[in-house]
Amino acid sequence: MTTITELFACVDEASGTAAPAARVGDAPLLAVVGAATTVPLVDGSSRTYANLDCAASAPALESVGARVAEVLPLYASVHRGAGYLSQVSTALYETSRQSIARFVGAREDDVAIITRNTTDSLNLLAGVVPHGGAVLVLDVEHHANLLPWVQHSGGGQAGTSRVATVLPVQPTVVATLDMLRTELARRPYALVTVTGASNVTGEALPLDRVVALAHAAGARVAVDGAQLVPHRGFSLAATDVDYVAFSGHKTYAPFGAGALVGRRDWLDTGVPYLAGGGAVRDVRADRTVWQPAPARHEAGSPNVLGAIALAQACDTLAALPAGALEAHEQALRDRLVRGLEQLDGVHVARIWPDSTDPVGVVTFTVADLDPGLVAAYLAAEHGIGVRDGRFCAHPLLAHLGASHGAVRASVGVGTTAEHVDRLVAALGALLERGTQAGYEVVDGCWSVVDDTRPLIEVQGLDHLAATAAAACGPALDD
Ligand SMILES: Cc1ncc(COP(=O)(O)O)c(C=O)c1O
């Protein structure tokens, strides 16, 4: 078997260049909070945490942390408060909306609704598709872009308002686009909703082709931007996509806000997402006059700090030099995939071998090892955080032949080549000599036998052992 040193010599040779002093991806692209945090290992040592789980939730940008600290003393009730700080907070909330809209290239007449996350945004959108409008979706989607459509669908039965058609993905981009074209010609659709980047493989259909097909057939296009927007420049205006949904906690702003941005008409007239104060103009005992969007869908007290944090993340990412984000993440993804593919027994999953420009999300299996064991080993023996399971994309994992789960590594602006190399080296060592500690399944969760790693001293960790077992138990959707 190739040693790790030989492996990276191969990688450099394969790229055809002598390794320069500093390569793209050697250093973080942006400073993230906690980059120097160390975690304990089972051998009694400790290492800086290699966070390769950015697709699940990304660390906060330092600029986001600083912004939240700056505005916290100014925080007060918004919209209905007459106080000075209420007016400051209202202005900050509304300018945040503008930053968020600008970040995704909103058209002048688009509306940006502050939500909790992508799941919330897509559920909101599912409730405003005009009555009877059919929705077309592929079975590669994250459950957040599958279940809202299926749940709102009656399969065309009498008394129900919508039909959702879930098409099985085809083995190539070309074949999948052909299938979409055929289906769009078969019957009218109101909406085609697609992932901007798969949370399993980082791949996507070419959006320009999807938009062209859908618009030619009179359908709108929604993009689940959870894995796209934080990692690639995206513009509603440039792509002609009609709606985009994304999450703050995946966009380096983990303060509980997300967004749905897009065409105003459905959002102005659709069923209000949350009934309550702030979404209405006038209420009498026998009638309610609703506000137009965005207020129509933002009933209750909004997440002001979450919106400000998300806007700061958007502004920081937007201020990067053109192409820097893409170059950083592409270099790390390429390095990771090349490293994994050199390891006998590691298989990297692809939906479409002919897809181009995947984001830095890579899913793989390791020989016949349980993905949960691999993830526990990487954490306990190498200080690496990855995800294992079925990634809330059960139909796709079944299609990929990984119904029992897989391991996913994902990169972001705080990721470095050292994190990637550490993962590849750790997997090489695992294949070569197995785990050094003992592992067992406790309540459905792979754990170190007699784990002696000390808890980081922070309030609230007293019951970590009990909660950790509960958190990865089989009752949760994996
Ligand atoms: C592609 C994709 N869509 C939707 C979601 C749901 O995002 P959230 O949990 O922030 O609502 C995720 C989360 O992992 C995702 O990766």
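**Ground rules.** I am working with a predicted model, where local features need pLDDT of at least 70, side-chain atom pairs count only at pLDDT 80 or more, and totals for chains, interfaces and linings use all residues. Residues are numbered from 1 along each chain as its sequence is written, and side-chain values use heavy atoms, with hydrogens and water left out.

**Entry 1, the search.** Side chains of opposite charge can pair when their charged atoms come close. I took a salt bridge to be a side-chain nitrogen of Lys or Arg within 4 Å of a carboxyl oxygen of Asp or Glu. Searching the whole structure gave me 24 salt bridges.

Arg-107 sits in the loop between helix H3 (84-103) and strand E4 (111-115), and Asp-240 in the loop between helix H8 (236-239) and strand E9 (243-247), so the pair ties together parts 133 residues apart in sequence. Helices (H or I, at least four residues) and strands (E, at least two) are DSSP runs here, numbered from the N terminus. For accessibility, I call a residue buried under 20% relative accessible area, exposed over 50%, and partly exposed in between (1.4 Å probe, protein chains only). Arg-107 is buried at 15%, while Asp-240 is partly exposed at 34%. I also found both in a network of salt bridges with Asp-110, Asp-242 and Arg-263.

Glu-203 is buried, with a relative accessible area of 0%, whereas Arg-350 is partly exposed at 33%.

Arg-220 belongs to strand E8 (residues 220-224) and Asp-265 to helix H9 (residues 264-269), so parts 45 residues apart in sequence are tied together. Arg-220 is buried at 18%; Asp-265 is partly exposed at 38%.

How many residues of helix H4 (residues 118-126) are buried? I get 8 of the 9, so the rest of the structure largely encloses H4. Among the buried residues are Thr-118, Asp-120 and Leu-122. Asn-117 caps the N-terminal end of H4, with a side-chain oxygen 3.2 Å from the backbone nitrogen of Thr-119.

Technical notes:
A polar contact is a pair of N or O atoms within 3.5 Å; within protein, one must be able to donate a hydrogen and the other to accept it, and residues adjacent in sequence count only if both atoms are side-chain atoms.
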